[in-house]
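Here is a briefing for a first look at this structure. Please keep the sequence and the model in view while reading.

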Amino acid sequence: MLMSSEIQTFTEKYDLLGCIQCGRCTGGCPVTVRANLNVRQFVNDAYDEDKLEELARLAEIWDCTACHTCAVRCPKGLKPLEVLIGLRTMIVESGKVEPTVRDALQSVLLEGNPWEKSRATRLDWMEDLDVKIADPDEPVENLFFVCCTIAYDPRVRAIARNMVELLNKAGVDYAFLPEDESCCGSEVFTLGEEGLFEMQVEDSTEFLNEYQAGRIVTLSPHCFTTYKTHYPDLKSPVIHYTQLLVELLNNGKLTWKGELPKKIVYHDPCYLGKQGNIYDEPRELLKSIPGVELLEFERRRERSLCCEGGGGKMWVESESKKERLSETRIKDARALGADVVAVACPFCVLTLEDSMKGLGLEEEMRVVEIMELLGELMEK
Amino acid sequence: MKTFVCIKYVPDTSEAEVKLNPDGLSVDDSRFSFDINDADNYAVEESVLIKEAQGGEVTVLSIGPKKSDVMIRMAMAKGCDKATRVEDDRIATHDPLMVARVLAGGIKGQEFDLVMTGCMANDDWHMATGVALAEELGVNHASMVNKLELQDGKVKVHRELEGGLLEVVELDLPAVLTIQTGINEPRYAPIRGIRQAQKKELNVVSLDDLGIDPAEVGTDASQVVLEKLYIPEVESAAEFIEGEPEEKAEKLASILHKGGLL
């Protein structure tokens, strides 16, 4: 990979002269309702290299959630958000970042995950499960990569655990990676630690290419999009688990027990939808459950409202005290009369569930990752 | 200003279950992550801040295994200039006095104004190594430092005492300071900085290289005998206080009062 910042100017690197200042980026940016972030202005001001340090010191560069709405809407095909990431890089390389960001980045370097957990405990989520572990000498059709958050956070571990049970039952040719598996770098990239991310891409490409995998199946949309976008030399294609499950569904290998007479609204995660272009598979899975009435948000698919979990925001609190976007989302779900908010991303589960609890709606509503729901409906 | 900063590579025991090895004298550290000792990290930052303000040179000194080199490289990425790592399994590392003797051996014979280290270590919590190091070097010391100001040939330090009390003392240099957490905000060591720090000098030495007689820092020289480690039994003595809020408060106050806590 190019050490691009060292050989290109900031303007060249982010193609700032390609911008026509139409303002669609800021117009679509979901964060503008609660933070003083004007991404168009940054793209404009960053032409002036002498001003970059001053821009990098503005607190709002950390408000961006890397949802990619600005990139989706840009008529010139630019990625305005990456200008903000470039400014973050300047701060990160000076070392003067928030302690939470410092600790997350350092943990990725030392332990291969941003959650300050020991690498030796990465596979603890497998406890008491019959899991096939990948061996570089044995070809496997579906090689599973478990996201750091799913591996370590007890709230979302069920995504991986239920997946194992489902795969065993459906007789799928699969294997999970051993504990040398390391963070994909999604949040490292968006937090602006460019050097660390380059190292991760190099190391993980080498690690993953040791395996003879028909394809790599990711559980988190963050890993999915990161591998697809930033890992050009991976031997195996990368898919999201919802794509695999729809294949199994179409082949008659997935059946559900009983009915689930619930109104479910599906929230499109930014990294799966806007960035991964996967909108239909999660909906197909939900519609396959007998009794489910699938609702739709007004803001859905490529217009889906960001939950503010991406872009390194798990480690940076916004200065804004205005309503969180995840609260807005839960209120929208409530107005639709939804019993369940279903998502396909561990970060969305955490942010939306926090807001649901904060709004005191625990008795009336549930936030679930699709794999959690399917786990409850599997015939065991 | 010539500074030595002494740092230790310690396990993070907060996330994994602590288990003992069959010898009963050591902890099974296979499931822990390791990192720089928390207070030492603040000492590194303070040494770099002083260098940035006044110029000079910072040398990292550590006793530890090869895997701790990453911690040393991080300190150098932040601005420390060179490092010495002592690797020798003859050192009685359970005894802070023996550790201090070895660290002193890594400093003696060289010019220095300040030696800084963390006020305590996250693994054994002795809070003694820095003070013992001052004795070994024959220089002044101040412990639990949470603010310092350098003056001509002197350092004025704020020491954190119990009960929120602060003590301000002035010491002639050279001196050893043990640094309390919170004195600054340690910076991040970016990977590009760590790569550049690969070019800086990191000497790995043994006791022989330092001219230290192993008999003076080994188990036989130590007056501390590690008899056993054990995990305290978990006691369950929870009492649920029943009643209306006012009654509960009264009962709770009475319990605390009887227990001498109020």
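The centres of domain 1 and domain 3 of chain A, taken over C-alpha atoms, are 28 Å apart. The domain bounds come from an automatic or database domain assignment. The model is predicted: local features need pLDDT of at least 70, side-chain atom pairs count only at pLDDT 80 or more, and totals for chains, interfaces and linings use all residues. Residues are numbered from 1 along each chain as its sequence is written, while chains are lettered from A and ligands numbered from 1 in the order in which they are written.

**Domains of chain A**

- The assignment gives domain 1 (4-94), domain 2 (99-248) and domain 3 (255-377).
- Where domain 1 of chain A meets domain 3 of chain A, the contact takes 13 residues from domain 1 and 17 residues from domain 3. Two residues are in contact if their C-beta atoms, placed from the backbone, lie within 7 Å.
- The side of domain 1 of chain A that touches domain 3 of chain A has 8 nonpolar, 3 polar and 2 charged residues. Here Ala, Val, Leu, Ile, Met, Phe, Trp, Tyr, Cys and Pro count as nonpolar, Asp, Glu, Lys and Arg as charged, and the others, Gly among them, as polar.

**Chain A as a whole**

- Chain A has 18 helices and 8 strands. Helices (H or I, at least four residues) and strands (E, at least two) are DSSP runs, numbered from the N terminus.
- The C-alpha trace of chain A spans about 65 × 50 × 35 Å along its principal axes.
- The radius of gyration of chain A is 21 Å, which agrees with the value near 21 Å for a compact globule with 380 residues. This radius is taken over C-alpha atoms, and the globule rule is 2.2 Å times the number of residues to the power 0.38.
- Of the 380 residues of chain A, 50% count as buried. A residue is buried if 20 or more other C-beta atoms lie within 10 Å of its own, exposed if 12 or fewer, and partly exposed in between, with C-beta atoms placed from the backbone.
- Take the contacts in chain A between residues at least 6 apart in sequence: 77% of them join residues at least 24 apart.

- In chain A, 4 strands form an open sheet with parallel pairing, in the order 2-1-3-4. Two strands pair if DSSP finds at least two bridges between them.
- Strand 2 (174-176) and strand 4 (238-240) of chain A each have a single partner strand, so one side of each is left without a neighbour in the sheet.
- On average, neighbouring strands of this sheet are turned by 30 degrees against each other, direction ignored. Axes are lines fitted to C-alpha atoms, for helices over the stretch in contact, and angles run from 0 to 180 degrees between N-to-C directions.
- Strand 3 (residues 213-218) and strand 4 of chain A run parallel and are joined by 3 bridges. Ile216(A) has Val238(A), in strand 4, as its bridge partner.
- Helix 13 (residues 221-230) of chain A packs on the sheet and touches strand 1 (140-145), strand 3 and strand 4. The direction of helix 13 makes about 155 degrees with that of strand 4 of chain A.
- Helix 14 (residues 241-250) of chain A lies across strand 1, strand 3 and strand 4, at about 75 degrees to strand 4.

- Another 4 strands of chain A form an open sheet in the order 6-5-7-8, with parallel pairing.
- Strand 6 (293-295) and strand 8 (366-369) of chain A stand at the edges, each with a single partner strand.
- Strand 7 (residues 340-343) of chain A is joined to strand 8 by 4 bridges. Ala342(A) is paired with Val368(A) in strand 8.
- Helix 15 (residues 280-287) of chain A packs on this sheet, touching strand 5 (263-266), strand 6 and strand 7.

**Where chain A touches chain B**

- The contact takes 20 residues from chain A and 16 residues from chain B.
- Helix 8 of chain A gives the most to the chain A side, with 7 residues.
- The chain A side divides into 9 nonpolar, 5 polar and 6 charged residues.

- In helix 2 (residues 69-78) of chain B, 8 of the 10 residues are buried. Gly79(B) follows, with a positive phi near 140 degrees.
- Ala134(B) is in helix 4 (residues 129-137) of chain B. Ala134(B) counts as buried because it has 22 C-beta neighbours inside 10 Å.
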